[in-house]
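Student: Could you take a close look at one chain of this model for me, and then tell me how the packing around it looks? I'd like one connected walk-through.

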Amino acid sequence: MNMAADLGFSGAGVRSGTCLVLDRLTRSYPDGTVALRGLSLSVPAGRIVSLLGPSGSGKTTTLKMIAGFDKPDSGSITLAGRDISRTPPHMRDIGMVFQNYALFPHMSVFDNVAFPLRMRHRARRDIETVVQEALALVELQGVAARLPRQLSGGQQQRVALARAIVFRPQLLLMDEPLGALDRQLRKSVQSELKRLQRQLDLTVVYVTHDQEEAMFLSDEIAIVQNGQIVQCGAPAALYDAPESVFVAGFLGESNFLGGTLAEAGAGRAIVTLPDGRQMRGRSAAPMSAGRAVSVLIRPEKLQVHVASRAPGREVNVLAGRIDLVNFLGGAVEYEVDLDGPRLTARVHLRASAATFAVGDPVVLHVEPQDCLVFPTP
Amino acid sequence: MIHIHRRRFMAEAMAAGLTLGEARGQTLNLLPDVPTIPNRLKGSGQLRVANSGGALAEAERKAVYEPFQNLTGIEIIETEGFAIPKIKAQVETRNIEWDTATLGYGNSLVLLQDGDYLEPIDYSLIDAPGLQDQYRHKYSVSYVTVATVMTYRTDAFATAPVTWADYWDLKRFPGPRNYMSGSQGIGVDLWPALLADGVPMDKLYPLDVKRAFRALDRIKDSIVTYWATGAQSAELMADNQTVLGTAWNGRIGPLLQRKLPVGVSWHGANFVYDDHIVLRGTPNIANAMKFVAFCCIPEVQARLAMLIDYGFTNMDAAHFLPPERLRMLPSAHLAEGFFADQIWERDNRKRVTQAWAEWILS
Amino acid sequence: MMDVALAGGTAQPVPSQRLFSGAGLLALPLIVLLAVVYVCPVGVMLADSFTDPQPGLQQYQRMIEHPVYLQVLARTFRLAVVVTAATAICGFPVAYYCTIARPAVARIALGLLFVPFWASTVVRTYALMVILGRTGILNGALLWAGLISRPTQFLFHTATVQLAMVQILLPFFVLPVYAGLRTIDLSLLSAAEGLGAPPWQVFRRIYLPLSLPGLFTGALIVFVFCFGFFITPTLLGGRRDVTIAMVIMAQFEGQLDWGFGAALSTVLLACTLVAVLMMLRVAKQDSNR
């Protein structure tokens with residue numbers, strides 16, 4: 001992809017520092033709905049940051065604020081050191097890929113991609129080369145003369161991307177850009193997107209409600225809830241150390257066991273389950289004994305043993321019976337009935353691993369550091 | 001002037017309807033009675049009469065058809081019908097649906113030029129000394145007269161304009177004027193221009209078309225609008241959009257009755273008449289001729305003249321009309337105006353219309 | 001879209017096509033009605049123009065010998081063009097406003113636009129006379145304000161006719177344009193803006209081209225309607241505001257010259273058809289661009 005180098009699209013000189021800062025943005029509407037409640041976020045240059053949250057949480061409003069289609073009631077937006085809070089959209093120098101692509105139906109693919117360049121009064125000859133290079137980047141050289149409606153969904157998505165990056169904006173916004181594509185295609189487009197982002201050293205704010213997509217693509221994920229960012233960090237950090245039940249529940253799959261905090265201190269906690277059994281874990285926040293808590297256990301952290309061959313420890317061992325077996329290809333998922341609560345365990349299939357059938361008695365074991373104790377909200 | 005505008009005149013019932021309504025309130029019980037009629041006009045059976053509809057037909061119903069049926073014993077079947085092609089078609093296919101019809105005299109001339117569509121009138125039935133020769137035609141009898149007159153706003157001038165020369169006098173009588181449009185069924189009227197230019201009324205025909213247009217050129221810019229319907233000519237005066245204009249007398253009568261500051265000058269008025277005709281080959285020819293004769297009876301004509309602002313053709317009708325009513329009618333002003341030469345108008349129609357169309361766009 | 005759908009229907013008749021032929025049957029009464037009340041009279045008119053009073057081209061010859069009739073046609077054409085353009089300029093913002101206003105507000109705005117429809121053209125024309133006349137509201141106001149010392153002649157000018165026609169034809173323009181504008185995806189405007197287009201460019205490069213189909217429909221309706229106008233020019237116009245419809249009426253009603261009336265009508269029909277086809281062609285080229 002030597003063309004990228006010609007364009008100056010190259011990622012050779014990795015930019016450092018912060019590209020975008022959102023500082024305590026608020027926004028409410030005349031009908032009383034509050035979309036943003038002091039949302040703050042910092043996006044490092046050259047990274048993909050995803051805004052992940054349920055619908056109505058404020059992630060699309062945030063994106064509109066960044067693009068300039070909506071104005072915050074208070075707070076500021078800084079792009080590359082410049083306060084753009086009051087800058088009209090066309091002067092913000094931000095590329096955006098819309099959920100429905102928003103390709104101009106009356107213009108050819110070429111004219112669509114050339115549009116931002118023409119708006120910037122670039123020389124005609126320049127436009128020709130730059131557009132062709134951008135189309136080459138998304139592997140659409142052959143369709144420049146076609147109209148958007150003559151393209152497949154995936155092709156349209158790539159045109160939208162080419163149009164959003166052709167003028168080398170400071171920042172690229174993507175609003176659930178893969179939502180309309182089927183699963184198969186989505187995977188390959190995600191990889192493609194990641195490759196392009198690295199290659200061109202793009203800074204991307206990516207809105208999605210698909211947690212898998214967010215984890216796959218993002219350098220950082222910001223979880224949005226109720227018009228605020230409740231936690232932001234690298235996908236692995238968020239997965240391993242969610243700060244709330246909401247974040248834990250939203251990112252990845254989780255088992256929750258309800259109970260009462262028996263003892264707490266120095267990050268450790270002992271929880272009494274309703275049936276009297278006790279579990280040890282890490283506490284995610286300072287809490288005092290007697291409080292109602294939830295214990296988070298990720299399915300892959302649960303070990304499943306044959307009931308007769310218990311690991312010989314008395315900590316965090318739970319006896320139960322296999323209730324359901326879900327075969328996932330490389331792994332198998334067991335739903336285990338613990339005489340009341342149910343837990344899901346995911347076990348990777350190895351030659352050595354024992355397999356179980358419905359009705360088999362088993363014991364589950366989990367290490368205390370993999371049990372995260374939250375106050376029940 | 002080809003007189004085919006009467007239907008339009010009547011169709012816009014607003015102003016005319018007002019006349020009739022007011023007239024009826026005041027005068028319905030003043031309608032003169034028709035005396036006993038000679039036996040030769042009595043008969044039996046039916047008669048199919050085509051009239052022009054609207055207010056005139058309403059007046060005819062009351063003034064003419066009612067006594068005709070009572071006195072002659074002939075039943076009238078009335079239809080609204082006015083179209084030369086329809087008369088032609090009925091005669092040509094020998095499928096007569098109207099025994100008798102009303103038609104502008106000018107139109108009857110047009111029809112006769114095209115062929116023998118009409119029966120000659122049986123004057124042996126008509127005993128009407130007051131019916132002057134000019135209304136007695138071989139194939140038709142004229143029964144009402146209409147005048148085209150000059151109108152003015154009485155509140156616009158210190159002294160009232162009288163002649164067409166006054167209409168042309170922009171210094172003494174300044175202000176916007178209206179004129180007939182010569183389109184949409186309104187005939188082209190060149191005679192006011194010639195009268196204004198000094199041509200005596202009895203020397204008008206043949207019209208000097210070039211001279212007329214030269215005269216019109218002089219006031220072109222003061223004629224702000226050209227009316228295409230009778231209602232419009234009255235509205236323009238009633239609303240004071242124009243201070244001088246031309247109009248059919250029937251349109252201005254209602255304005256006078258409403259006491260609006262509008263005046264009429266009969267000086268140089270142009271008279272045309274409407275006729276009764278009998279369709280050639282009708283099986284009901286006897287009844288049709290009786291009807292035509294009945295319509296010439298002075299009392300019958302007077303009844304009609306009480307109900308609508310049209311003049312009579314039997315001068316004896318004047319004896320049965322109150323003087324204030326008589327003043328409203330063309331018949332009282334015949335000496336001040338002139339009768340259009342319908343044959344000249346017919347023969348020069350195309351040429352005049354063409355020249356008018358060219359002038360009006362220039 | 002249509003082409004694709006039709007191309008998709010291969011040898012096997014698909015249900016939707018069968019449904020369509022059924023729909024064609026439902027349209028039969030209308031087709032018959034049109035044939036009887038429209039196609040037949042037009043055919044008779046065409047024939048009349050060549051046969052009345054004698055077979056031959058003399059009626060058309062007359063039109064060439066006396067250029068006044070073609071002059072009127074040209075004037076009518078000019079009137080139609082001016083009125084169409086003015087209606088478009090006045091109507092487009094209204095249609096646009098209705099698309100961006102809240103639905104309730106848009107409904108009220110569109111409703112108000114149609115209030116004048118409850119009155120006939122004659123009444124609406126007279127209403128304008130009440131406003132613009134010598135003793136009308138406008139003159140009264142200007143006199144009262146001391147801006148003029150004598151009533152101004154606002155009526156009986158070409159501009160008066162144009163104003164009235166724009167006012168009468170506006171709804172016929174706004175409705176199709178509104179329908180067209182509503183189909184425009186507003187995110188395209190945001191997209192254009194985000195890509196660096198200032199508002200004027202967003203309008204010129206995105207909104208206007210996308211609204212052209214609706215604009216053409218509206219303009220076509222107004223344009224064709226203009227040719228049939230005679231009441232308004234008669235009541236409000238001056239000497240030169242003679243439209244071809246008035247001249248044709250004069251032939252049928254006044255001159256009883258049906259052959260020439262038919263010939264004029266035929267020429268008018270031909271000119272209108274040519275104009276409409278040209279407009280459609282332009283519209284098509286534009287949407288293919």
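Tutor: Confidence in chain B is lowest in helix α1 (residues 6-11) of chain B, with a mean of 37, and highest in helix α6 (residues 164-168) of chain B, at 97. That score is pLDDT, the predictor's confidence in each residue, from 0 to 100; helices (H or I, at least four residues) and strands (E, at least two) are DSSP runs, numbered from the N terminus. This is a predicted model, in which local features need pLDDT of at least 70 and side-chain atom pairs count only at pLDDT 80 or more, while totals for chains, interfaces and linings use all residues. Residues are numbered from 1 along each chain as its sequence is written, and chains are lettered from A and ligands numbered from 1 in the order in which they are written.

Back to confidence: chain B averages a pLDDT of 88, and 91% of its residues score at least 70. Over residues 1-26 of chain B, pLDDT stays under 50, and the model has 69 contacts beyond four places in sequence for that stretch. Two residues are in contact if their C-beta atoms, placed from the backbone, lie within 7 Å.

Now the overall build. Chain B has 14 helices and nine strands. Its radius of gyration is 20 Å, close to the 21 Å that the globule rule gives for 362 residues, so chain B is as compact as a globular protein of that length. (The radius is taken over C-alpha atoms; the rule is 2.2 Å times the number of residues to the power 0.38.) Along the principal axes, the C-alpha atoms of chain B fill a box of roughly 65 × 45 × 30 Å. Take the contacts in chain B between residues at least 6 apart in sequence: 77% of them join residues at least 24 apart.

As for the inside, 56% of the 362 residues of chain B count as buried. Buried takes 20 or more other C-beta atoms within 10 Å of a residue's own, exposed 12 or fewer, and partly exposed is in between, with C-beta atoms placed from the backbone. Leaving aside neighbours within four places in sequence, C:C226 is in contact with C:L79, C:A80, C:V83, C:T84 and C:M165.
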